[in-house]
Amino acid sequence: FAADISSKLIGDSAAKGRLVNPAGRRLREHFYRFPDQCDATPIAQEVFLRLMIYDQIEAFFHNEDEKIGLFHDLFPEVDRREFNAEELSVARWYGERYAESYVYQITNGWVYPLAVQNIDTYMRAVGLDPNDATEDPSTPAGLGNLVGRKVAEWLAANDRLKKDMDFIDVEGLMRIADKHPNLTWNKWKPSYAGSDRFQGMRNGIVTQQTFVSPSLGIFSFLYENEQDFLDLELESSVPALDMSEAAYIERSKEFLDIQRNMTDYTKAVAELSNNKISASVFLIKSYVPLLKNLASEEEFPSMYDEFSMVTSGCAEYAAVHAAWRHKRTYLAGRPQTIIPYLAKPNATFSAEYPEAKNFMPLIPAGDHPEYPSGSSTIYTAFAQAADDWFSYTLGVANASSLTGPLSFTIPAGKFYWSDGPTNSVTLEYENLKEWIEELPKSRVYGGVHFMEAGNAGLALGKKVGHACSRLLNRLNKGDMNATYTNPDREEINPFNLNNE
């Protein structure tokens, strides 16, 4: 999809310099690239890198204000210049090549061993030479190449996700093993996958990886240090999880009561929230008509870019950063393992819920701990950051309540995770806020989370959204302490200290 959503045509969006990696192939590439890992984080990281490179390039076209980019410290030699939409567009194309290759290029080549990568084909289609390697920042191509290369190299060396080791984070795995030496019945147990699923494209890898890297979020762009993490309420917003057997029995009863009333409609609800591509596009398309009604035609492109940076760029990736500390802390098991276990020693529970002993989820659970729900955190963070942005940019409060009616149709037979419905299913909502509030139940419909995990995700997502709004405001004011590259930025504790 084109980033402006109004067109799927490469030419239309390319002229505006805001082409997003075509969503339709992200998951396909992901499963070759990360056969044993959840897709949410590589997708979010790719979008984060792309939009932050876009934003960093744009910052150099602001010669009348103090706006900076998230990586501004890396470019003391680059001067600001007069705004020029065409030059900005060209520079972004060259910067985008680095975002395109960051996740999908591994140590022995690209995910797809093509003679010409898609990004290069797109550039040639609009008259650009993808092999122009200049790094002269006074030229658009040079500015894009310089920003793209330096940002990608810095991220690979500093974000703790082990890019140079194909994201295999042994240090993070050992840290978790030390924290949780005894994997009791209520703990998440990693599966092993990917050993031979895609032989021929590249050798499969077998690890206990969790959400791309067990070290996710220890060193983040969202918070500067441990105290900042706490002050932003990114720990306290998530209630402490009672992991006793009695607590899990009550959770499981609530869970199974909901599961007993599954229909094609509730399955469709689960499908939408579980598919990070569809749900992210759903979020964007919910807000775009409102923005177009409020912004002039001349204002829309730059306003949409800033909106995208704080939502798709910051909020979605920051959400998994923040959620992962809690996931590491509790290492909570999924309903698929918890519920059958409880059925064995608890005769009363087993008699009341005979389906418990053989429970299987509608959707395969992500191979990472259950609490809190990452999806609920991600989508809520997006919506909260968007609502904040509409409020302080356009003076419109609670924009998620003002989107108007929304719908999403899944065609007959087209469920991704299970047998599709006999007839097409159309989900309908009064506004986006209604969809956000349904997220905890949607994860129960999918069979992958208890309600508490979804509710915790909503609470955490709101704090992440507010934190992204704070970050954007600081960057717009030229606060160099807000940059990801600030030398005073510190690691935080890998685990919660106050509510485990």
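Ser400 counts as buried, because its relative accessibility is 6%, under the 20% cut-off. The model described here is a predicted one. Ser400 is placed in the loop that runs between α15 (374-394) and β3 (406-410). Its side chain makes a polar contact of 2.8 Å with the side chain of Asp387. Beyond its neighbours within four places in sequence, Ser400 is in contact with Tyr287, Asp387, Asn431, Leu432 and Lys433.

The protein as a whole has 18 helices and 4 strands. Of its 500 residues, 60% count as buried. Among contacts with a separation of 6 or more, 79% are between residues 24 or more positions apart.

Aromatic rings form 33 pairs in the structure. In one of them, the ring centres of Phe61 and Phe83 are 6.5 Å apart and the planes stand at 75°, so this pair is edge-to-face. Both residues are in the loop between α3 (40-59) and α4 (85-104), 22 residues apart. Phe61 is buried, with a relative accessible area of 3%. The charged end of Arg81 sits over the ring of Phe61, 5.5 Å from its centre.

The pair of Phe219 and Tyr484 is stacked, because the ring centres are 5.8 Å apart and the planes are at 25°. This pair links distant parts of the chain: Phe219 is in the loop between α7 (170-179) and α8 (226-231), and Tyr484 is in the segment after α18 (451-476), 265 residues apart. Both Phe219 and Tyr484 are buried. Ring pairs also link these two into a cluster with Phe48, Phe71, Trp154, Phe221 and Tyr317.

Methods. Residues are numbered from 1 along each chain as its sequence is written. This is a predicted model: local features need pLDDT of at least 70, side-chain atom pairs count only at pLDDT 80 or more; totals for chains, interfaces and linings use all residues. Side-chain values use heavy atoms; hydrogens and water are left out. Helices (H or I, at least four residues) and strands (E, at least two) are DSSP runs, numbered from the N terminus. Buried means under 20% relative accessible area, exposed over 50%, partly exposed in between (1.4 Å probe, protein chains only). A polar contact is a pair of N or O atoms within 3.5 Å; within protein, one must be able to donate a hydrogen and the other to accept it, and residues adjacent in sequence count only if both atoms are side-chain atoms. Contact means heavy atoms within 4.5 Å. Rings of Phe, Tyr and Trp (its six-membered ring) pair if their centres lie within 6.5 Å; planes under 30 degrees apart count as stacked, over 60 as edge-to-face and the rest as tilted. A charge sits over a ring if NZ of Lys or CZ of Arg is within 6 Å of the ring centre and within 35 degrees of the ring normal.
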